[in-house]
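The following exercises are to be worked through with the structure in view. Each task is followed by a solution in steps.

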Amino acid sequence: MRKWLALAFLILLGFFLAKITSAFPFGVESWGVSKHYVDKGIEENRGSNLVTSIVVNYRGFDTLGEVTVLFLAATALAFLLATCRCRRRYERWEASLIVKAASETLYPLLILFGAYIFIHGHLTPGGGFQGGTVIASAVMLMLLAHFTFHPNHKALSTLEGLAGMSFVLIGFAGLIWGGSFLANNIIPLGQWNRLFSAGVIPLIYVAVGFKVGFELSGLITDMMKTIKEE
Amino acid sequence: MAFFVASILLILIGLYAVLVKRNIMKIVIGLSLMDTGVNVLIISLGFIRGRTAPIVNVKDLLVNTSSKVVDPLPQALVLTAIVIGVAVTAVALSIVMLMYSKKNTLEIDEYKELKW
Amino acid sequence: MILEYFMLFLLFLMLALAIFAVETKDLLASVVAAGFVSLVASIVYLYLQAPDVAMTEAAIGAGLTTLIFIIAIRKTERYEK
């Protein structure tokens, strides 16, 4: 009964969603505000990657809010798991030698790759979010391969706080010397398509990369270690 | 057009899991499927046929950029939405773990303290 | 042209995997199928000229989300009744 009711509702909803989206043409031009971002983006920010200059500069305030949501989610998770008397039936295990050796070899390389991605965020595809998740997956690999691996939680949260704070401080520097919050005219913009260019965009994206990386690593560690106490 | 249809169907499949399934883990899986569906829908709204990615790293693209690249704004929005999605899923799963530690079951029908 | 047929195949694969993920009784298989949906979605993003989003989706959807689901299944139970 419940199943058929749900199916009827879904068919109705699907009909209306199809009706709405059929009003949007697929694959043809329909520019809104982003026409300005695309046409003036290089001139105003000198970053090759237009997605990065939207995420960090034009919509930088949204990104700050998003990073805050990430922080809140990690806090809520730590709080919930601290009150959880989850099942502690969890015996000690050993991964095989191949898994251990391979993960130890890959761990520094993956962290280097993540750093490469967020340092070049304004030139190539990638940026703080992608690099941060690559770093978090390096930590995930080590957690899966080694029973005793435990990242220092205090250091993780301190570094993460510093990274988040530097984002806000760069924003305030823009407010003081540039005229608006997160303004991109406080340091020289440089030349197009060079590593040291695009003003504060690489600085902010490096901060976001560290923040996302440490945040997600801490989150995985929290989830993984609550069962490891006995 | 196929992208719109597929993403709407993906959203509906996820919603079906949320509405019909009795297992809490299945409900969370349905939520994450809906997340993917919405992201594919938004990205395909910004797609323009025959254009390249919005990364201006050759001289050719510098002039008259808006007639050569796809719309970068939906991509910027989805980029942050994906990262939020994983954090929200983690919170949902920790709530599931907390619920399981109270009653030792994943069936949603057993949790009826809030019903009246 | 062949690329468009390949995309149609990928979209069908995505929907089939989603239905499998919803309907199977084994939660571990369900989670792996959901991770596969994300991986296919990242290839679709690449076709839609969104390399940034494709990178994020490949790292998060296929890696981290699957891992946290597996941790949660390990702490609860594997089979749906």
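**Exercise 1. Determine how the radius of gyration of chain B compares with that of a compact globule of 116 residues.**

Solution. The model is a predicted one, and the values below are computed from it. Step one: a compact globule of 116 residues would have a radius of gyration near 13 Å. Step two: the value for chain B is 20 Å. Step three: along the principal axes, the C-alpha atoms of chain B fill a box of roughly 65 × 25 × 20 Å.

**Exercise 2. State which elements make up chain B, and in what order they run from the N terminus on.**

Solution. Step one: chain B contains three helices and zero strands. Step three: of the 116 residues in chain B, 53% are buried. Step four: among contacts in chain B between residues at least 6 apart in sequence, those joining residues at least 24 apart make up 53%.

**Exercise 3. Describe the contact between chain B and chain C from the side of chain B.**

Solution. Step one: chain B contributes 37 residues to the contact and chain C contributes 38 residues. Step two: on the side of chain B that touches chain C, at least two residues come from each of α1 (2-20), α2 (24-45) and α3 (73-103) of chain B. Step three: α3(B) gives the largest share of that side, with 12 residues. Step four: sorted by class, the side of chain B that touches chain C holds 26 nonpolar, eight polar and three charged residues.

**Exercise 4. Identify which element of chain A has the lowest mean pLDDT and which the highest.**

Solution. Step one: the average pLDDT of chain A is 83, and 94% of the residues score at least 70. Step two: among the elements of chain A, the lowest mean pLDDT, 80, belongs to helix α2 (residues 34-45) of chain A. Step three: the highest, 90, belongs to helix α5 (residues 97-119) of chain A.

How values were computed:
Residues are numbered from 1 along each chain as its sequence is written. Chains are lettered from A and ligands numbered from 1 in the order in which they are written. This is a predicted model: local features need pLDDT of at least 70, side-chain atom pairs count only at pLDDT 80 or more; totals for chains, interfaces and linings use all residues. Two residues are in contact if their C-beta atoms, placed from the backbone, lie within 7 Å. Helices (H or I, at least four residues) and strands (E, at least two) are DSSP runs, numbered from the N terminus. Ala, Val, Leu, Ile, Met, Phe, Trp, Tyr, Cys and Pro count as nonpolar, Asp, Glu, Lys and Arg as charged, and the others, Gly among them, as polar. pLDDT is the predictor's confidence in each residue, from 0 to 100. The radius of gyration is taken over C-alpha atoms; the globule rule is 2.2 Å times the number of residues to the power 0.38. A residue is buried if 20 or more other C-beta atoms lie within 10 Å of its own, exposed if 12 or fewer, and partly exposed in between; C-beta atoms are placed from the backbone.
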